[in-house]
Amino acid sequence: MTVTVHGIPEIKQLAGRDLGHSAWKEVTQQLIDTFADVSGDHQWIHTDTGRAAHGPYGRTIAHGYMILSWGIPMFAELLQVTGVGMALNYGVDKVRFPTPVPVGSRIRLHASITEVHEVKRGGVQMHRAFTFELEGAAKPACVAQSLTHFYP
C-alpha cells in the first residue's frame with residue numbers, strides 16, 4: 001500500500017517508518033540486454049546466453065547496477081511525496097550485491113526510512129534502507145542506503 005505525504009513537515013514524520021514491499025518484477029533477458037546497451041557493460045555473463053549456460057550460474061545474470069537502478073521506481077510504489085518543489089537523489093551508501101540475480105527470477109524492494117534531517121535551503125535529507133529481495137533466495141540481491149533531498 002502506498003503511503004502519501006505532503007510537504008516537508010510530513011516527510012520529517014517518516015523517520016523510523018517501515019514502508020513494506022513493492023510488487024515483484026521479473027528479470028528478463030530483454031531488460032538485461034537493454035541495460036547492457038545503455039551502460040556499455042556487455043560482459044558475457046549478462047548477455048551471452050549460450051556461453052552463460054555453461055558458466056557458473058547456468059544462465060545469464062542481471063547487472064547489479066540494473067537491480068540498484070530499480071530502487072527509484074520501486075520506491076515510488078511505496079511512498080508518494082507531494083507538496084515539495086524538488087526532489088534530488090543525493091547518493092547511495094554501502095551498496096552490496098550478496099546474491100546473483102539469474103534471468104527469469106523476480107525481485108522486489110523492501111524499504112524503510114531510517115532517518116530524516118534538515119539540510120540547507122529549508123530542505124530535508126531522507127535516508128532510506130533498500131533491500132532488494134530475490135524470490136526464493138536466502139540472501140538479498142542488493143542492499144543499499146539511498147539518500148534523497150527534498151526542497152520546498
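Predicted model: local features only at pLDDT ≥ 70, side-chain atom pairs only at ≥ 80, totals over all residues.

Reader: Why is Thr-148 called buried?

Author: Its relative accessibility is 4%. Buried means under 20%, so Thr-148 counts as buried. Thr-148 lies in strand β8, residues 142–151.

Reader: What makes the link between the side chains of Thr-148 and Arg-128 a polar contact?

Author: The distance is 2.9 Å, and the cut-off for a pair of N or O atoms is within 3.5 Å. Arg-128 is also among the residues in contact with Thr-148, including Leu-88 and Tyr-90.

Reader: Now the rings, please. Why is the pair of Tyr-65 and Phe-97 edge-to-face?

Author: The ring centres are 5.5 Å apart, and pairing needs them within 6.5 Å. The planes stand at 75 degrees, so the pair is edge-to-face; the cut-off is over 60. This pair links distant parts of the chain, with Tyr-65 in helix α5 and Phe-97 in the loop between β5 and β6, 32 residues apart.

Reader: Why does Tyr-65 count as exposed, and what is Phe-97 called?

Author: Exposed means over 50%, so Tyr-65 counts as exposed at 57% relative accessibility. Phe-97, at 35%, counts as partly exposed.

Reader: How do you know that the charged end of Arg-121 sits over the ring of Tyr-151?

Author: Arg-121 has its charged end 4.6 Å from the centre of the Tyr-151 ring. The distance limit is within 6 Å, and the charge must also be within 35 degrees of the ring normal.

Key:
Residues numbered from 1 in each chain as written. Heavy atoms only, no water. Helix = DSSP H or I, 4+ residues; strand = E, 2+ residues; numbered from the N terminus. Buried < 20%, exposed > 50% of the residue type's maximum accessible area, 1.4 Å probe, protein only. Contact = heavy atoms within 4.5 Å. Polar contact = N/O pair within 3.5 Å; in protein donor to acceptor, adjacent residues only side chain to side chain. Phe/Tyr/Trp six-rings, centres within 6.5 Å; stacked < 30°, edge-to-face > 60°. Lists of a residue's contacts leave out its neighbours within four places in sequence.
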